[in-house]
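The structure is shown first.

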Amino acid sequence: MVIETKHAFLRNLNTSWLESGSSKKHILLFLHGYPDTPDVWSEQIRHFASQYHVICPYARGTFASEPGDDLSRFSPESLSLDLLEILNIADPKNKKSVTLIGHDLGGAIAWKLASYLGPRLSHLIIINSLSIEQMASRLISRPKQWIRSWYIFPMLVPKISEKWVGKFSKRLLPFAYQWGGLPKEKFPKLELNSPFPVSTMKQYRAFAREALKTLKQKPQRIKAPTLVLWGNQDPFLLPPTLDELEPYAEHLIVRILQGGHWIFRENAETINTIIENFCQRGEPNASAHEKIF
């Protein structure tokens, strides 16, 4: 299996992504969250590269992908436009269907990008993540989420948060994985010898700004089959309810499994099988260790 690191100057910023598999096959676009890099999807790349065209972008501001100076460059619309440019390079004629898989902040972007892809979107798969609209609504309807989201609020303070996260990143990154329920042997490759990508934290500020706009908007429903996978021991996010997700997808399956925030690394074999079955058949079966609704 060959994994290439590709670069392009997109919308006035240097942008990078990992790519593997055959350029003639269906596209799987994996979007990572914070504080991850595309390496967090290593088990998925290894599993799917023989069957699909796998693309894993570096989030804006993460290592080789330049952050840009303006906070608007981190808005969900702007990030979606970046991803559309990557897809245009991978599929210039826009003929190939795309499956979106997003985790954490990458999941929030996936919800937004899904609405832009239209009929090109084959499937949407969300792992322990909420759209910006869903998160804004949840903070009103489920106050316990404020307690789990306490770590976000310091990140909304410019400059100070970058300074402290950058200074203590060698400790904070392993702590985040451990706190999220990921065993040490399942940690992704940690680039602790490189300057930590603190600019990516601007996503939280841009998304918070966007959340204020969404409270009065009617949800836009995704028409493609949508699968939400959730580790039931996630310390950062309460498990979803069907009521809060149904307004956002016409064809929805929600699966609650045993595991933490990084369930796709914690139990990669199971998650890969579920994704594979969903992409091929659309109706995965539940095991004795999960809820499906």
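The model is predicted.

## Backbone features in loops

Pro35 sits in the loop that runs between strand 3 (27-31) and helix 1 (42-48). The peptide bond joining Tyr34 and Pro35 is cis, with omega at about 15°.

Two residues have a positive phi although neither is a glycine: Asn128, at about 45°, and Lys159, at about 70°. Asn128 belongs to the loop between strand 6 (121-127) and helix 4 (132-141), while Lys159 is in the loop between helix 6 and helix 7. Are these residues buried or exposed? Asn128 has 0% relative accessibility and therefore counts as buried. Lys159, with a relative accessible area of 70%, is exposed.

Helix 7 covers residues 160-167, and its buried residues are Ser161, Glu162 and Val165. Viewed down the helix axis, these buried residues fall within an arc of 100°, so they line one face of helix 7. The face turned away from that buried side carries Ile160, Lys163 and Lys167, which are exposed.

What do the buried residues of helix 7 pack against? Their partners are helix 6 (152-155), helix 8 and helix 9 (202-214).

## A nonpolar surface patch

Trp146, Trp150, Phe153, Leu172, Phe175 and Trp179 form a nonpolar patch on the surface. Together these residues have about 610 Å² of accessible area. Helix 8 (residues 169-179) gives the most to the patch, with three residues.

Trp179 is a residue of helix 8. Its relative accessibility is 31%, so Trp179 counts as partly exposed; the cut-off for a place in a patch is over 30%.

## The chain as a whole

The protein chain contains 12 helices and nine strands. Its C-alpha trace spans about 50 × 40 × 40 Å along the principal axes. For 293 residues, a compact globule would have a radius of gyration near 19 Å, and the 18 Å of the protein chain agrees with this.

Of the 293 residues, 56% count as buried. Among contacts in the protein chain with a separation of 6 or more, 77% are between residues 24 or more positions apart. The accessible surface of the protein chain comes to about 13,700 Å², and 55% of it belongs to carbon and sulfur atoms.

Notes. Residues are numbered from 1 along each chain as its sequence is written. This is a predicted model: local features need pLDDT of at least 70, side-chain atom pairs count only at pLDDT 80 or more; totals for chains, interfaces and linings use all residues. Side-chain values use heavy atoms; hydrogens and water are left out. Patches are made of residues with over 30% relative accessible area and no salt bridge: like charges are joined within 9 Å, nonpolar side chains (Val, Leu, Ile, Met, Phe, Trp, Tyr) within 5 Å. Accessible areas come from the Shrake-Rupley method with a 1.4 Å probe; for residues, only the protein chains shown count as cover. A salt bridge is a side-chain nitrogen of Lys or Arg within 4 Å of a carboxyl oxygen of Asp or Glu. Helices (H or I, at least four residues) and strands (E, at least two) are DSSP runs, numbered from the N terminus. Buried means under 20% relative accessible area, exposed over 50%, partly exposed in between (1.4 Å probe, protein chains only). The arc is that of the directions from the helix axis to the C-beta atoms. Contact means heavy atoms within 4.5 Å. The radius of gyration is taken over C-alpha atoms; the globule rule is 2.2 Å times the number of residues to the power 0.38.
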